[in-house]
Amino acid sequence: MSFNQVYQYNFPTTIRFGAGVTGELPAYLLSSKLRRPLLVSDPNVVQLDFFRKILSSLEAAGLSAEVFSDIHKNPVKSDVYRGTELYDNTSRDCIIGVGGGAAIDVARAIVLRVDHREDLFKYDDLIGGDVYVTGTVPHFITIPTTAGTGSEVGRSAIIADDETHQKKILFSPKLLAKIVFADPLLTMDLPAPITAATGMDALTHNMEAFLVNMFHPMCDGIALEGISLIHQSLRDAVKKPDLENKSKMLVASLMGAVAFQKGLGVVHSLAHPMSSLLDTHHGLANAVNIPYGMAFNIPGSEHKFKRIAEVLELNEKTGAAVVEYLHALNAAISIPSRLRDVGVKEEHLDTLADLALADFAHPNNPRPVSRADFRTLYQEAL
Ligand SMILES: [Fe+2]
């Protein structure tokens, strides 16, 4: 980090947090003079009871709700185009993203596309496309249904090309939700493996954000408290869920995503190629890789691992003890300890290492990561 530099700190999103808070949605829309929401979700979530309740509460308030849920698990450009068509053809006036990362990313990309009609990937942040996000955007509301990605407080959407599957990042501060309704009741019935995988994604966000070398004490404080909340609640949220541990996990996932405005690191770069090449669940890919990635990160960051060990209440305040903790946590929540247990084979390692090197997450890692390092880390985790 450098003190000859000016930093910017952003914490702009209104978060309504608490059990039952989605019940406030109709009144919020009415008071914002919004009457025709497009709800963007995924095919699983629209089947759930709470989604039907949200819809009927909107209808009861005299609002006209339309649902778009025909999206891919790893969203593609045509999903966004079809959703935007529905927005236009049914004269919507705002967008509500309800779901995990995929649904909220598609919702956010539709928010962009409504008034930005060049090819969607012209706005790709990795080629400087954010400068073209100059128009207005519809009122955007998010409702998370998992405690993991934290996409509900983000300002970017990852959308892939339909043919090449190459991932593009649409980014603009304009794409932040105006308000998040974070209701832990919506996460109560998630299957245990999803709670485990998404929870480890949230832990990875908090840990990687904390380790990024940037002077950002506000995010660092948020990340450490996020780690502490996950330490207090993830095991029970998976094995014996109740409102307290589910609430702690949901707020910790929001905190992780707020904190990673600092950046992410090596673990996400190990995980991303597994999703694009092998369709591995994002949280699961992070979970299996995090002990190995964190072991790699210890040299040079010993002082930060000491802080992490403190919030994890470990006897030994060292990086090695943190890595041990991560292995034990994975075991306790039934996450496999090896890449081979989630479908990775020796023959995949070279392609994975190439893709990981090209990934956007690791340039912020505190310790530089080479292709050889990625290859070695995959080999160790195999
Ligand atoms: Fe993530």
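This is a predicted model: local features need pLDDT of at least 70, side-chain atom pairs count only at pLDDT 80 or more; totals for chains, interfaces and linings use all residues.

Trainee: Fine. How many helices and strands does the protein have?
Mentor: There are 13 helices and 8 strands.

Trainee: What does the C-alpha trace span along the principal axes?
Mentor: About 60 × 45 × 45 Å.

Trainee: What share of the residues count as buried?
Mentor: 55% of the 382 residues.

Trainee: On to the metal. Which residues are the protein donors of the iron ion?
Mentor: Asp201 donates through OD, while His205, His268 and His282 each use NE2. They lie 2.2 Å from the iron ion.

Trainee: How are those donors spaced in sequence?
Mentor: The pattern is D-x3-H-x62-H-x13-H. Asp201 and His282 tie distant parts of the chain together, being 81 residues apart. Asp201 belongs to helix 5, residues 192–211. His282 belongs to helix 9, residues 282–297.

Trainee: What about the geometry of the iron site?
Mentor: Irregular. The angles among the 4 donor atoms run from 85 to 168°. A tetrahedral call needs all angles between 85 and 135 degrees, so the 168° end rules that label out.

Trainee: Is Asp201 buried or exposed?
Mentor: Buried, because its relative accessibility is 2% and the cut-off for buried is under 20%. His282 comes out at 22%, so that residue counts as partly exposed.

Trainee: Changing topic. How many cavities of 30 Å³ or more does the structure hold?
Mentor: It holds 1. The largest cavity has about 50 Å³ of space.

Trainee: Which residues line the largest cavity?
Mentor: Ala147, Thr187, Leu190, Thr195, Thr198, Gly199, Lys246 and Met249. By class, that lining is 3 nonpolar, 4 polar and 1 charged.

Trainee: Which helix gives the most to that lining?
Mentor: Helix 5, with 3 residues. That helix also carries Asp201, one of the iron donors. Helix 5 and helix 7, residues 243–259, each supply at least two residues of the cavity lining.

Trainee: And the pockets? How much space lies in the second largest pocket?
Mentor: About 400 Å³. It is lined by 14 residues. Closest to its centre are Gln166, Lys167, Leu355, Ala358 and Asp359.

Trainee: Which elements supply at least two residues of that pocket's lining?
Mentor: Strand 7 (167–171), helix 8 (266–278) and helix 12 (349–358). Helix 8 gives the most, with 3 residues.

Trainee: How does the pocket lining divide by residue class?
Mentor: Into 5 nonpolar, 5 polar and 4 charged.

Trainee: Where is Glu313 found?
Mentor: In the loop between helix 10 (302–311) and helix 11 (319–332). Ser334 lies in the loop between helix 11 and helix 12.

Trainee: Are Glu313 and Ser334 buried or exposed?
Mentor: Glu313 is exposed, with a relative accessible area of 60%. Ser334 is exposed too, at 55%. The cut-off for exposed is over 50%.

Trainee: Last stop, the start of the chain. Where does Val6 lie?
Mentor: In the segment before strand 1, which covers 14–17. Val6 is exposed, with a relative accessible area of 80%. Phe11 lies in the segment before strand 1 as well. Phe11 counts as partly exposed, at 36% relative accessibility.

Definitions and conventions: Residues are numbered from 1 along each chain as its sequence is written. Side-chain values use heavy atoms; hydrogens and water are left out. Donors are N, O and S atoms within 2.8 Å of the metal (3.2 Å for Na, K and Ca); water is not among the atoms, so sites may look incomplete. Four donors count as tetrahedral if all angles lie between 85 and 135 degrees; four count as square planar and six as octahedral if opposite donors are over 155 degrees apart and all others between 65 and 115; anything else is irregular. Helices (H or I, at least four residues) and strands (E, at least two) are DSSP runs, numbered from the N terminus. Buried means under 20% relative accessible area, exposed over 50%, partly exposed in between (1.4 Å probe, protein chains only). On a 1 Å grid over the protein atoms alone, a cavity is a set of points where a 1.4 Å probe fits but cannot get out, and a pocket is an open set with protein on both sides within 12 Å along at least five of seven lines; lining residues have an atom within 4 Å of a point. Grid points are joined across faces, edges and corners, and a volume is the space filled by probe spheres set on the points. Ala, Val, Leu, Ile, Met, Phe, Trp, Tyr, Cys and Pro count as nonpolar, Asp, Glu, Lys and Arg as charged, and the others, Gly among them, as polar.
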